[in-house]
Structures are given as structure tokens and as C-alpha cells.
Amino acid sequence: MTAAPLVSVVIVTRNREQLRARAVRSVVEQTYRPLELVIVDNASCEPVVPPPCDIPVRVHRNDTPLTASRNRNVGVDLATGEFVCFLDDDDYYLPHKIARQLEARGSTEWVYANTQMLGAGALPIGLCTGPPVLNKLMRSRYVHLNSILVPRSILQQIRFDENMTTYEDIDFVFRLLRAHSATHCDCVVAVWNRDGRSDQLTQRKLRRSFANWLILCRKFACEIEGDELLARFYFHRMMLLSAACLHPLEAFEFLSRLLVFGYWRPLLRAERRRTLSGPGTS
């Protein structure tokens with residue numbers, strides 16, 4: 001009988017003791033074993049102490065704060081499991097998360113499931129259920145990192161981009177799906193708290209958004225330019241960010257791309273179809 005594979009869960013944390021305790025508890029309460037927990041302490045004021053529990057816990061402490069991308073790569077390097085999961089320290093898993101995903105994996109290379117978004121007062125505000133097709137996923141952008149389970153061997157090839165200071169999780173999932181087949185496990189396995197706290201990493205600044213959105217547009221230019229809906233969405237957003245951050249050359253560039261790929265090309269194609277279907281055609 002084949003032994004159950006070890007699964008590593010990576011949590012990056014900084015100065016969130018109570019929230020982290022809830023996240024850790026949700027890992028320990030998983031119905032699946034064997035597990036290991038890797039905690040990357042991003043230079044918290046008070047060093048993280050390994051919690052007493054029935055699974056191995058490894059804590060790595062940074063002397064100075066690092067980016068989310070770098071911290072997650074550090075966590076992956078410390079992990080020893082055959083599979084790796086990620087969990088934000090202010091979120092938590094449901095008890096069946098890992099068991100259900102391993103059951104659903106089948107012949108595909110990695111698995112993602114649904115993430116419940118909670119707003120202020122723990123009110124449900126939607127599900128992240130992203131489709132396993134890249135151009136469709138790029139329109140919704142919602143496969144949350146909390147909901148994935150990936151073979152560690154893949155994470156040796158596809159790393160978090162350490163040049164990105166935000167949207168690094170979106171970029172990672174896009175590249176993962178572009179290179180490796182995925183299974184969508186259609187059940188809620190994790191909770192993403194979007195309650196608007198001031199310390200949340202999703203509180204983005206305009207200039208950071210501009211710089212990192214530009215990286216996304218460069219990386220996925222082929223996909224964006226090959227899909228009219230993507231072109232409208234990405235180039236319109238990039239044009240607005242460029243203008244807001246006073247980058248006139250980029251604003252003009254993305255306005256031009258928006259017109260070409262989002263409007264003129266579809267109009268020309270529609271006109272060509274009308275011409276071909278007109279009188280005199282066979």
C-alpha cells in the first residue's frame with residue numbers, strides 16, 4: 001500500500017499573533033495527515049514561537065522585512081513535502097481542505113478549489129472559483145493562493161516573481177496554469193478575509209499598482225492581444241493607471257493598444273465578415 005504523501009503548508013506572517021494563531025489552528029485541524037507547517041516570520045516585533053501541536057513545525061525568521069514573493073519562495077525552499085499549500089496569516093482553511101484536494105487531483109498536475117470571501121462583520125461577499133482556462137481566468141483573476149495544492153517539484157521551476165511587490169500571487173497562478181494542467185475541486189476549502197483592515201496587503205497604492213500591472217501586461221502580452229475582452233480589460237486599466245501616475249508615454253501606448261486590439265481589430269473583422277457574406281459570394 002502506497003504511503004500518503006507529506007503535504008507542507010507555508011504561512012508568511014508579521015505582527016499578527018492572534019490572526020496567525022487562527023490560521024495555524026486551521027492547519028492543525030486538517031483531517032489529513034501527514035502534514036508539516038512552515039512559518040516564515042517576516043521580522044515580527046516579537047519572534048514567532050513554534051506552537052505545540054501534533055505536526056512538525058519549522059519557523060524561519062527574517063532579520064529585516066522581505067517582500068511577499070521572497071518570503072513565499074523561502075517557505076517553498078524550506079518545505080519537504082511532496083505537495084505544498086499556502087495560507088495567508090489573516091485567513092484560514094476549512095478542515096477538509098487538503099484531503100478533498102488530494103482526492104480530486106486525478107491525473108492533473110495541481111489542484112485549486114473555491115475560496116469564500118468575507119467582508120466586514122464576517123459577511124459573505126462572494127466566492128473565488130476561477131476557471132481552469134487561462135484567458136478566462138485572466139478576466140476574473142480569482143484563484144486565491146489559499147485554495148491551491150501544488151507538487152513541490154513544480155515549485156522548483158515556477159517561483160514567485162521577486163521583482164513584483166503586489167499582484168505576485170495573481171502572476172504566479174497565471175504562470176502556473178499556463179504551464180501545468182489543473183483540476184478545479186468545486187468546494188469551498190478556505191476563507192479570504194476582505195474586511196478592510198489597514199494592515200491588509202490588498203490595500204494597494206497607485207504607483208505600486210502601475211508598476212506591477214505593467215509587469216503583468218508585458219508577461220502576458222500574447223494572451224492579452226489574442227483576446228478582445230482581455231485587451232479591453234487590461235489595456236483600459238493600464239491606460240488609467242498610467243494617466244493617474246503621470247506617465248504620459250505609457251498612457252498613450254496603452255490607449256493605442258486599446259484602440260487597436262480592443263476596438264479597431266474587432267470592427268475590421270466584423271466589416272470583413274459582412275463583406276464576405278454580401279451579394280456575389282458563394
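In which helix is Leu-214 found? Leu-214 is found in helix 7, where helices (H or I, at least four residues) and strands (E, at least two) are DSSP runs numbered from the N terminus. The model is predicted: local features need pLDDT of at least 70, side-chain atom pairs count only at pLDDT 80 or more, and totals for chains, interfaces and linings use all residues. Residues are numbered from 1 along each chain as its sequence is written, and side-chain values use heavy atoms, with hydrogens and water left out.

Helix 7 (residues 206-219) has 14 residues and reaches 20 Å from its first C-alpha to its last, close to the 20 Å expected at 1.5 Å a residue; the expected span is 1.5 Å times one less than the number of residues. Its buried residues are Ser-209, Phe-210, Asn-212, Trp-213, Leu-214, Leu-216 and Cys-217. Buried means under 20% relative accessible area, exposed over 50%, and partly exposed in between (1.4 Å probe, protein chains only). Leu-214 counts as buried because its relative accessibility is 16%. Not counting residues up to four places away in sequence, Leu-214 touches Met-238 and Phe-254, contact being heavy atoms within 4.5 Å.

The nonpolar interior may be considered next. A nonpolar core is a set of buried Ala, Val, Leu, Ile, Met, Phe, Trp, Tyr and Cys residues joined through side-chain atoms within 4.5 Å. Of the 46 residues in the largest such core, Phe-86, Trp-110, Ile-148, Phe-172 and Phe-174 touch the most other members. Helix 9 (residues 228-244) supplies the largest share of this core, seven residues. Apart from it lies another core, of 26 residues, among them Val-7, Val-9, Ala-23 and Val-189.

Attention now turns to a pocket. On a 1 Å grid over the protein atoms alone, a cavity is a set of points where a 1.4 Å probe fits but cannot get out, whereas a pocket is an open set with protein on both sides within 12 Å along at least five of seven lines; lining residues have an atom within 4 Å of a point. The second largest pocket has a volume of about 280 Å³, a volume being the space filled by probe spheres set on the points, which are joined across faces, edges and corners. Its lining has 14 residues, of which Glu-17, Arg-20, Pro-47, Val-48 and Val-49 lie nearest the centre. Helix 1 (residues 17-28) gives the largest share of that lining, four residues.

Pro-47 is found in the loop between strand 2 (35-41) and strand 3 (57-61), and it counts as partly exposed because its relative accessibility is 46%. Pro-47 and Glu-17 are 30 residues apart in sequence and 10.0 Å apart in space, C-alpha to C-alpha.

Some backbone features remain. Most residues other than glycine have a negative phi, and most peptide bonds are trans. A cis peptide bond, with omega about 10°, joins Arg-33 and Pro-34; Pro-34 is placed in the loop between helix 1 and strand 2. Ala-43 has a positive phi, near 60°, and is buried, with a relative accessible area of 12%. Leu-246 also has phi near 60°, but Leu-246 is exposed, with a relative accessible area of 68%, in the loop between helix 9 and helix 10 (248-276).
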